[in-house]
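Student: Hi, could we go through this structure together? I'd like to start with the charged pairs and then move to the strands.

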Amino acid sequence: MIFDTHAHYDDRDFDGDREELIESLPLNNVTKVVNVGASIMSSYWCLDLCHKYDHIYAAIGVHPSDVYLNMDKDLEQLFGFCSDPKVVAIGEIGLDYHFEDDTDHALQREYFIKQLYIAQKLKKSIIIHSRDAAKDTLDILKENYTGESKTVMHCFSYSEEVAKEILDMGLYIGIGGVVTFKNARKMVDVVKSMPLERLLIETDCPYLAPTPHRGKRNSSLYLPLVIEKISEIRGISPKEVEEITYNNAMEFYGLSDGE
Ligand code: NI
């Protein structure tokens, strides 16, 4: 069974066939999906989806590109959402310094720290988005992460050295379609050397479709291509990768089959 640990089925790219596609997933061996929020509005949509479908769970949070000046109100709402039993994580939260004219970096850091605090207080798992901001992300984690909430750096894009640092802190690493790209040397090295029990597979769909679908709309149905690539890198069977990553995801989100 396959567990997609990070998807955005609320995205408008799925407006044409959302129900059909989500309903088809369990028939295609994708038995669990965590739909991840990126703003208060999309967190509402995540809740909607997870109430509609047994196999969908929700992560809720404010993405660094969606931070605004109404932080107190946003955080209060997130706090409220967390009492829902299908909310399994806070995310995606973190730092994104990729675009010069994106949201204010100081405000990004403030939202990140406060959401880390909420997650740890409520014992929720944590999904971190970090792009072009390795140093500040590590610094904030060193100061604010207690190690009690299971935490993943999703769509990992940094070096082996950064991977080693976050693995030493107890974090998981999220691997998706990018590992199949021709220029994915860095990520292949990370997958080769990291402990498999800390690896989660994810789509981040509709983004980052694996080769040979690169550039097209991604979905959980393409995860076998990611599994195959990891099995090639590690020299074990796809079946083993599927089982190990499924069990990792269940433990990460605190789920057990039968729930
Ligand atoms: Ni995402």
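Tutor: Happy to! First a definition: a salt bridge is a side-chain nitrogen of Lys or Arg within 4 Å of a carboxyl oxygen of Asp or Glu. Keep in mind that this is a predicted model, where local features need pLDDT of at least 70, side-chain atom pairs count only at pLDDT 80 or more, and totals for chains, interfaces and linings use all residues. Residues are numbered from 1 along each chain as its sequence is written, and side-chain values use heavy atoms, with hydrogens and water left out.

Student: Got it. How many salt bridges does a search of the whole structure find?

Tutor: The search gives 13 salt bridges. One of them joins Arg 18 and Asp 15, at 2.7 Å from N to O.

Student: And what does Asp 136 form a salt bridge with?

Tutor: Its partner is Arg 109, and the closest N and O atoms are 3.3 Å apart. Asp 136 lies in helix H5 (residues 134-144) and Arg 109 in helix H4 (residues 105-121), so the pair ties together parts 27 residues apart in sequence. Helices here are DSSP runs of H or I with at least four residues, strands are runs of E with at least two, and both are numbered from the N terminus.

Student: What about Lys 164 and Asp 168 – buried or exposed?

Tutor: Both are exposed, where exposed means over 50% relative accessible area, buried under 20% and partly exposed in between (1.4 Å probe, protein chains only). Their side chains meet in a salt bridge of 2.9 Å, N to O. Lys 164 and Asp 168 are four residues apart in helix H6, so about one helical turn separates them.

Student: Switching to strands: which way do the residues of S7 point?

Tutor: In strand S7 (residues 172-175), Tyr 172 and Gly 174 point one way, Ile 173 and Ile 175 the other, and all are buried. In a regular strand the side chains alternate between the two faces of the sheet.

Student: Which strand joins S7 over three bridges?

Tutor: That's S8 (residues 199-201), running parallel to S7; pairing requires at least two bridges found by DSSP between the strands. Ile 175 has Ile 201 in S8 as its bridge partner.

Student: And how does S6 pair with S7?

Tutor: S6 (residues 151-153) pairs with S7 in the parallel sense, over two bridges. Val 152 stands opposite Tyr 172 in S7.
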